[in-house]
Amino acid sequence: VSQQVLEQVLSELQPLCTSEQQFLQEFFWLGCDSVELQALEVRVSPMSSPGPLPSLAHPWEEATSQLLSEIFSCLEPELRAFLDVCNKVHPLGCLQVLVTLSDSMFGTWGPSSAPPSSFLDALLGNVLLLAKSNFNKCIGTLCKEIEETRPPSRMREGILSCVSRFQEFLAFSEEVLRTSQCRGELDKALLRLASSVFSSINSLSSANLKVNTDMVMMENFHHIHNFLCQRNIPCLEGKKREAKQRSREHIEKYVTTYVGQPLERLKHFFEGVKACLAQGVKEEEVSFQLAYSKQELRKVIEKYPGKEVKRALDTLYRTIHKLLSPEENLLPVVWQAMEQGFIWQCREFEDLIQRCYTGTGIALDFTMEDLLSYFNSITTSN
């Protein structure tokens, strides 16, 4: 509403100031070569000007502007006061004001609009500077709030408030600019806000949360990438690519953290085997280490018959399904990554058995085909 009021005020000011300027020039013969000296004799106190005016090309233009400044002496203070009201009516009213004033200054209301008087042009220039300053202060405050916001320690997985605020600002700004081409200040603001949001998400890695931070981060970066894909905003293309990459990175970290759960004791056993190899123990001598003997390996493998592995995988799937936000639809992506990571892990186990326990006949209780069958069954049944 405030934007519409401001548009109406400016649209009525243009013809008013233009006609008044034309009247003064015709009445006092300002601009005619024969009376330029008379224009210089028009005595108007420079203190009556509501604000600094630009240097004008002709003395008669300066005289006209000084006269208009006296006639409309209350105009700039009233406009400034109206800008303050707009800022209070809506949290982002400063953006509406900035766009409306920019459109007025650069004539984007249409070719039929009469050009503003030099006085009004200078006046709106002063007010536009104030609008830009208000907008930059608003964005600075919003960036600070986003960066300083910390999630509660008992938060659940899901979209962070800083991401939601950025999305809301983006939607609002695109609606305000729907019929405008004045993107300069907004593009700078969007980049500042996006950087603040990314910084806020990154700070989760050092936060003392009772949830998996990689899951929260992958969901939020995925959410940012999705809503940026829905909007064509050239200045945020780099942020969109970064969000996609960061989401992938945290999916990989999450999988790395939890892929060993279904075969936890086997994972620890073979981590010890790899540590022995790294310390210089020969492959054929690993089985003679007490903690990694053939007997110990058989005991661990017995803990993981095929049906138990399938049950553990099903439990892991249900856990991931419960924690992921259904709105993001990341479950298929995460589960596929988990399947690939789990199969790679089991192939590594088989490789270590072949290298360090050759000829013992020891093998896992399940094959790679069995694993593929387990994953397929879990996916189709849920």
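**Entry 1: a lysine and a ring.** I started at K239, which lies over the face of F198, 4.9 Å from the ring centre. I keep in mind throughout that this is a predicted model.

**Entry 2: aromatic pairs.** Next I asked how many aromatic pairs a search of the whole structure finds. The count came back as nine. I looked at F198 and F221 among them: their ring centres are 5.3 Å apart and their planes stand at 75°, and since an angle over 60 counts as edge-to-face, that is what I call this pair. Which helices hold the two residues? I found F198 in helix α8 (residues 184-202) and F221 in helix α9 (residues 213-229), so the pair ties together parts that are 23 residues apart in sequence.

I then turned to W335 and F375, an aromatic pair with 5.2 Å from centre to centre and 50° between the planes, which makes it tilted. W335 belongs to helix α14 (residues 331-356) and F375 to helix α15 (residues 368-381), so here the pair ties together parts 40 residues apart in sequence. I checked burial again: W335 is buried, with a relative accessible area of 3%, and F375 is buried at 0%.

I also wrote down one aromatic cluster, formed by F269, F270, Y292 and F349.

**Entry 3: two packed helices.** At what angle do the helices pack? Helix α11 (residues 264-278) and α14 pack at about 50°, with their axes 11 Å apart. That angle makes α11 oblique to α14. I noted the crossing of α11 past α14 as left-handed.

**Entry 4: an asparagine in a loop.** My last stop was N329, in the loop between α13 (306-323) and α14. I looked up its backbone because most residues other than glycine have a negative phi. What is the phi of N329? N329 has a positive phi of about 55°, although it is not a glycine.

Methods:
Residues are numbered from 1 along each chain as its sequence is written. This is a predicted model: local features need pLDDT of at least 70, side-chain atom pairs count only at pLDDT 80 or more; totals for chains, interfaces and linings use all residues. Side-chain values use heavy atoms; hydrogens and water are left out. Rings of Phe, Tyr and Trp (its six-membered ring) pair if their centres lie within 6.5 Å; planes under 30 degrees apart count as stacked, over 60 as edge-to-face and the rest as tilted. Helices (H or I, at least four residues) and strands (E, at least two) are DSSP runs, numbered from the N terminus. Buried means under 20% relative accessible area, exposed over 50%, partly exposed in between (1.4 Å probe, protein chains only). A charge sits over a ring if NZ of Lys or CZ of Arg is within 6 Å of the ring centre and within 35 degrees of the ring normal. Axes are lines fitted to C-alpha atoms, for helices over the stretch in contact, and angles run from 0 to 180 degrees between N-to-C directions. Angles under 35 degrees count as roughly parallel, over 145 as roughly antiparallel, 65 to 115 as roughly perpendicular and the rest as oblique. A crossing is left-handed if the near helix is turned anticlockwise from the far one by less than a right angle, and right-handed if clockwise.
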